[in-house]
Amino acid sequence: MPRAEPETIGAQRTGRGKRLPGPGAARHFSPLEPRSRSEAPALSPPNLCAPDVCSYECVCARIRVNFVLRRPAGSEMFACAGMGALNETFELWNGVKIPKLALGTWQMPPGETTYKAVLFALQHGYRHIDTAYAYGNEASVGKAVRDSGLARADVFVTTKLPAEVKSYEGALEYFERTMANLSLGYVDLYLIHAPWPWHRKGEDFTLQNIEVWKAFEHIYHNGQCRAIGVSNFDVRDLRALMANCSVKPMANQIKFHIGHTQPELTQFCQENGILVQAYSPLATGKIFRDQRIAPVAKKYGRTVAQICIRYALQKGLQPIPKSVHPERILEDADVDFEISAEDVRYLDSLGAQTTLA
Ligand SMILES: NC(=O)c1ccc[n+]([C@@H]2O[C@H](COP(=O)([O-])OP(=O)(O)OC[C@H]3O[C@@H](n4cnc5c(N)ncnc54)[C@H](OP(=O)(O)O)[C@@H]3O)[C@@H](O)[C@H]2O)c1
């Protein structure tokens, strides 16, 4: 099968600062090593609740003070104050609840990197992981979910059929491969990765997509996945599918970040009850070059990443930021704040000027 483009699986790219996990990174990814309460890091956030403070050494304790770790009685899991977005859900039109924030895994190398990042995220409140057959890391995602100790029903996994597969039989075959990779019993949301193979971007594959969608409907009716959807579909692609199929897509995963908001497509999806999943909410790291967002971040005492993720949420979209760094994984979920309508309008206005789209 041809390599997926642009989502090629290759060397990990980094965002701002080009920082890769250093020698201490393995330690950051070991949040479950017990330590005595007396050794607990000296934290003094105003809302610190001493008896509930995490008694494990954890990266959360070494970063921003608004991460207050709590470990509910009898639970091995952590939840961080200020990360309510992790507990909130959207409802797909078929009634399935989908957590509002997902961890993306594109360009996460399979094996230890993906496993540790996904496990860390799950242990710190994330309940939604986005992967794809083309990322080559479904097996690592599945293992992390199984090892997380969470009930299967408490984790939502989105994955995707390779864009190059454009036949009914091919879709069924690749779904089985994905099922074997993940080994989670079922998929929560299964997407057609793109309306065209990456190397034939923009060509018309309407008839093939309808065939593929019929396979998706079969999988859905069989109960092997809880919801089905598409990715990178424009209005014309969606209309064609909706006119020829019995099950309307439940989600459309599209590129969405400040400066590239696809308002017509987003509006069409929202008017038709199709959830928009916002991929590349940080413009695959390039957003940090846009100096116009920093003043907004400063005003709210937040980071540029948090402004971007919060912006997508306030637009009613479901953002999928990706990071392999624990502190960023936490930072990206710490978005319990409100951007004012005026500032949202300012961020909207960046669309026409930005060079990032
Ligand atoms: N359906 C599709 O066709 C499609 C296409 C693209 C993406 N996606 C999905 O959407 C996800 C996210 O998109 P994306 O991978 O393009 O990238 P993104 O989330 O827009 O940006 C990720 C980049 O930003 C860095 N980063 C993350 N949080 C940060 C923070 N708080 N501060 C500074 N840098 C930060 C990451 O670096 P580190 O990892 O080094 O921390 C990485 O370089 C993907 O992983 C994938 O699951 C889907």
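Two residues are in contact if their C-beta atoms, placed from the backbone, lie within 7 Å. This is a predicted model, in which local features need pLDDT of at least 70 and side-chain atom pairs count only at pLDDT 80 or more, while totals for chains, interfaces and linings use all residues. Residues are numbered from 1 along each chain as its sequence is written.

Q: At what angle do helix α3 and helix α4 pack, and which word describes α3 relative to α4?
A: Helices are DSSP runs (H or I, at least four residues) numbered from the N terminus, and axes are lines fitted to C-alpha atoms over the stretch in contact, with angles from 0 to 180 degrees between N-to-C directions. Helix α3 (residues 138–147) and helix α4 (residues 168–182) have axes 7 Å apart, at an angle of about 45°. Angles under 35 degrees count as roughly parallel, over 145 as roughly antiparallel, 65 to 115 as roughly perpendicular and the rest as oblique; therefore, at about 45°, α3 is to α4 oblique.

Q: Which residues of α4 meet α3?
A: On the α3 side, the residues are Glu138, Ala139, Val141 and Gly142. Their partners in α4 are Thr178, Asn181 and Leu182.

Q: Is Thr178 buried or exposed?
A: A residue is buried if 20 or more other C-beta atoms lie within 10 Å of its own, exposed if 12 or fewer, and partly exposed in between, with C-beta atoms placed from the backbone. Because Thr178 has 25 other C-beta atoms within 10 Å, Thr178 is buried.

Q: How far apart in space are Thr178 and Thr159, C-alpha to C-alpha?
A: Leaving aside neighbours within four places in sequence, Thr178 is in contact with Tyr133, Glu138, Thr159 and Val187. Thr178 and Thr159 are 19 residues apart in sequence, and their C-alpha to C-alpha separation in space is 8.1 Å.

Methods: Helices (H or I, at least four residues) and strands (E, at least two) are DSSP runs, numbered from the N terminus.
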